Amino acid sequence: MARIDRSEDDDMALTHHTLATVADIASICIENAPVSQRASAVMDRLNEEIPFEAASIASFDMGKQRHFTVAASDYPGEVSSYLNQGFTVDDPAFLAMRFRRSRPLRWCDIPNYADNFSAREVFQPSGFNEGVTTCLFTRDGRYTGSLHLSTTFPVPLSDAAVDCLLAVQPLIAALTDGLRANDGGSWELLVDGSEETAFLTDEGSVSDVQGTARGEHLTRMVRCTNKCVLQLPSAALEVSIGFRPTDIRCVCRLRP
């Protein structure tokens, strides 16, 4: 992963640097490549403008209500595991970002964060003394995952760097979106006008599609593989298979 001289950090204040970074990351996110490869390229591009020593991009599995790593660089295994488990469940700063305030937070933004469990017991013993986490939200406000950057120096990232992360937030959110349809649209548009909708997973579990209803018919699903078998009366069933970085297999919709 590239490194930049911290003495050049003032360059981040130049608007055209941020715009160039945003444009490049937007281009990377829509490339025809595996998600993990694109996520790694996003981290590399960010590191050309923002100084950090470790990074991770995680996707949120809606069905299992957990995070999993899409791509990471230079975090020890125990830190990567903690970022996807304890940190996203118990860290008060992370929970504030996810549920109250979507702007990226650095350690310096949180009073006495160095005394917090995450910093004291996990990050600092691994050599990290500052960092920033960005909760990833789509343009319609749906949470899809998180971006973590950590530094070995106890020097906060600049305000301009935080602004850059805020600008790329919805772009990376689309990359980690487990509910993103195959054609780059959204499941909400795909099921528009449906009487009932639901997500099916490989394990046969059923999850709701945000903003739509799941009624009695789709509740009585019996299994899900590459096609769905439903206990249904005569009804028009459409199954759409989509790209899935998580284990979501398809979305079903019942037309009136």
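## Exercises: salt bridges and a sheet

Glu49 and Arg45 form a salt bridge, with their closest N and O atoms 3.4 Å apart. A salt bridge here is a side-chain nitrogen of Lys or Arg within 4 Å of a carboxyl oxygen of Asp or Glu. The model is predicted: local features need pLDDT of at least 70, side-chain atom pairs count only at pLDDT 80 or more, and totals for chains, interfaces and linings use all residues. Residues are numbered from 1 along each chain as its sequence is written, and side-chain values use heavy atoms, leaving out hydrogens and water.

**Exercise 1.** Find what Arg45 and Asp24 tie together.

*Solution.*
- Step 1: the side chains of Arg45 and Asp24 meet in a salt bridge, 2.7 Å from N to O.
- Step 2: Arg45 lies in helix H2 and Asp24 in helix H1 (residues 15-29), so the pair ties together parts 21 residues apart in sequence. Helices (H or I, at least four residues) and strands (E, at least two) are DSSP runs, numbered from the N terminus.

**Exercise 2.** Is Arg45 buried or exposed?

*Solution.*
- Step 1: buried means under 20% relative accessible area, exposed over 50%, partly exposed in between (1.4 Å probe, protein chains only).
- Step 2: Arg45 has 10% relative accessibility, so Arg45 is buried.
- Step 3: Asp24, at 35%, is partly exposed.

**Exercise 3.** Give the strand order of the open sheet.

*Solution.*
- Step 1: two strands pair if DSSP finds at least two bridges between them.
- Step 2: the 5 strands run S2-S1-S5-S4-S3, with antiparallel pairing.
- Step 3: strand S2 (66-73) and strand S3 (105-106) are the edges, each pairing on one side only.
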